[in-house]
Amino acid sequence: MTKKILITGKNSYVGNQLADWLNKEPEKYTVVKESVRDGKWKEIDFSVFDVVVHVAGIAHQDTKKDQEELYYKVNTNLTIDIATKAKAEGVQQFIFMSSMIVYGGSSRIGETKVITKETTPDPVNFYGNSKLLAENGILPLQSEDFNIAVIRPPMIYGKDSKGNYPILAKFAKISPIFPDIDNQRSMLHIDNLTELIRLIIDDQEKGIFFPQNKEYVKTAEMVKLIAKVNGKKIQLTKLFNPLLNKLGSNLPVVNKVFGNLLYDKELSKYKRTYTINNLEESIRITENAGGK
């Protein structure tokens with residue numbers, strides 16, 4: 001039987017990629033994308049859908065003080081309102097795209113930050129807090145006939161993605177050198193995320209999920225790999241390390257690139273394999289350099 005899926009967030013990167021992923025199997029999934037930025041979503045008949053995947057939200061923006069109200073309106077209140085409507089109208093499953101940001105930012109350069117099942121969320125800004133409050137608002141809606149699945153992904157990257165990846169990729173293609181700082185980060189290729197969501201839908205799962213690639217990523221090695229698949233050579237150097245260590249004390253953006261931020265690998269296990277692309281293959285696909 002075909003599952004009918006509503007994806008909220010018509011122009012969302014994750015939403016569009018998920019729709020493309022599910023549409024590869026039209027005999028299994030019927031996908032509808034809707035914008036929920038205005039009040040018109042209230043007129044949508046949710047009763048015709050089996051699953052609502054809520055990816056609409058504000059991210060990849062500087063959390064400026066004058067935007068705080070908007071973050072809570074969109075990321076928190078809208079999420080709770082849509083989940084409540086979904087339950088009231090008989091939807092079987094609600095999947096919410098939260099974020100690793102609920103645990104705060106990266107560690108400083110040289111320090112380690114590993115998130116385990118015992119780690120308590122501790123957002124450092126209203127973006128993270130707005131996501132956490134949304135989770136807290138929808139999880140109590142869980143019932144026998146309404147499953148809530150919350151996904152807390154780390155940095156997502158893939159072809160045409162936003163965020164840090166395209167900046168690093170641009171650097172990899174034009175610079176002959178890059179700082180060689182030892183760090184580790186959990187990251188998630190878009191195909192690995194969309195495959196996990198597909199499995200969560202198939203399995204009618206509930207709970208909180210912490211997906212990541214199989215491998216942790218060292219920023220410098222990733223940049224070197226991006227350069228390699230583009231036929232470029234880049235030299236890693238420790239020359240700038242003392243300066244970057246110093247800057248990391250005052251500039252969060254430095255720690256965002258070179259700090260450590262990890263999910264314990266046990267936390268990210270699922271009963272079926274969703275990590276279909278390893279790091280090198282995912283870079284090839286992202287850079288469109290002979291990948292699948």
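**Exercise 1. Thr79 and its partner**

Which side chain does a polar contact of 3.1 Å join to that of Thr79? Work it out in this predicted model.

*Solution.* 
- Locate the residue. Thr79 lies in helix H2.
- Thr79 has a relative accessible area of 0%. The cut-off for buried is under 20%. Thr79 therefore counts as buried.
- List the contacts beyond four places in sequence. Thr79 touches His54, Val74, Phe94, Phe96, Ala134 and Ile138.
- Find the polar pair. The side chains of Thr79 and His54 are joined by a polar contact of 3.1 Å.
- Compare chain and space. Thr79 and His54 are 25 residues apart along the chain, and their C-alpha atoms are separated by 7.3 Å.

**Exercise 2. Gln93**

Decide whether Gln93 is buried or exposed. Then find the backbone oxygens that lie 3.1 Å and 2.9 Å from its side chain.

*Solution.* 
- Gln93 belongs to strand E4, residues 93-97.
- Apply the cut-off. Gln93 has 2% relative accessibility, so Gln93 is buried.
- Look at the side chain. One of its polar atoms is 3.1 Å from the backbone oxygen of Ile200. The backbone oxygen of Glu205 is 2.9 Å from a polar atom of the Gln93 side chain.
- Beyond four places in sequence, residues touching Gln93 include Asp50, Val52, Phe146, Asn147 and Gln204.

**Exercise 3. Helix H3**

Compare the span of H3 with the expected value, then say what its buried residues pack against.

*Solution.* 
- Take the span. H3 covers residues 126-138 and has 13 residues. From first C-alpha to last, H3 reaches 18 Å, close to the 18 Å expected.
- Inspect the start. A side-chain oxygen of Asn125 comes to within 3.1 Å of the backbone nitrogen of Tyr127.
- Pick out the buried residues. Among them are Phe126, Tyr127, Leu132, Ala134 and Ile138.
- Identify the partners. The buried residues of H3 pack against helix H2, E4, strand E6 and strand E10.
- Link back to Exercise 1. Ala134 and Ile138 are among the contacts of Thr79, which lies in H2.

**Exercise 4. The cavity**

How many cavities of 30 Å³ or more does the structure hold? Describe the lining of the largest cavity.

*Solution.* 
- Count. There is one such cavity.
- Size it. The largest cavity holds about 60 Å³ of space.
- Sort the lining by class. It has six nonpolar, two polar and two charged residues.
- Name examples. Met155, Leu168, Arg185 and Lys256 are among the lining residues.
- Assign helices. H4, H6 and H8 each supply at least two residues of the lining.

Terms used:
Residues numbered from 1 in each chain as written. Predicted model: local features only at pLDDT ≥ 70, side-chain atom pairs only at ≥ 80, totals over all residues. Heavy atoms only, no water. Helix = DSSP H or I, 4+ residues; strand = E, 2+ residues; numbered from the N terminus. Buried < 20%, exposed > 50% of the residue type's maximum accessible area, 1.4 Å probe, protein only. Polar contact = N/O pair within 3.5 Å; in protein donor to acceptor, adjacent residues only side chain to side chain. Contact = heavy atoms within 4.5 Å. Expected span 1.5 Å × (residues − 1). 1 Å grid on protein atoms, 1.4 Å probe; cavity = no way out; pocket = protein on both sides within 12 Å on 5 of 7 lines; lining within 4 Å. Points joined across faces, edges and corners; volume = space filled by probe spheres on them. Nonpolar A, V, L, I, M, F, W, Y, C, P; charged D, E, K, R; others polar.
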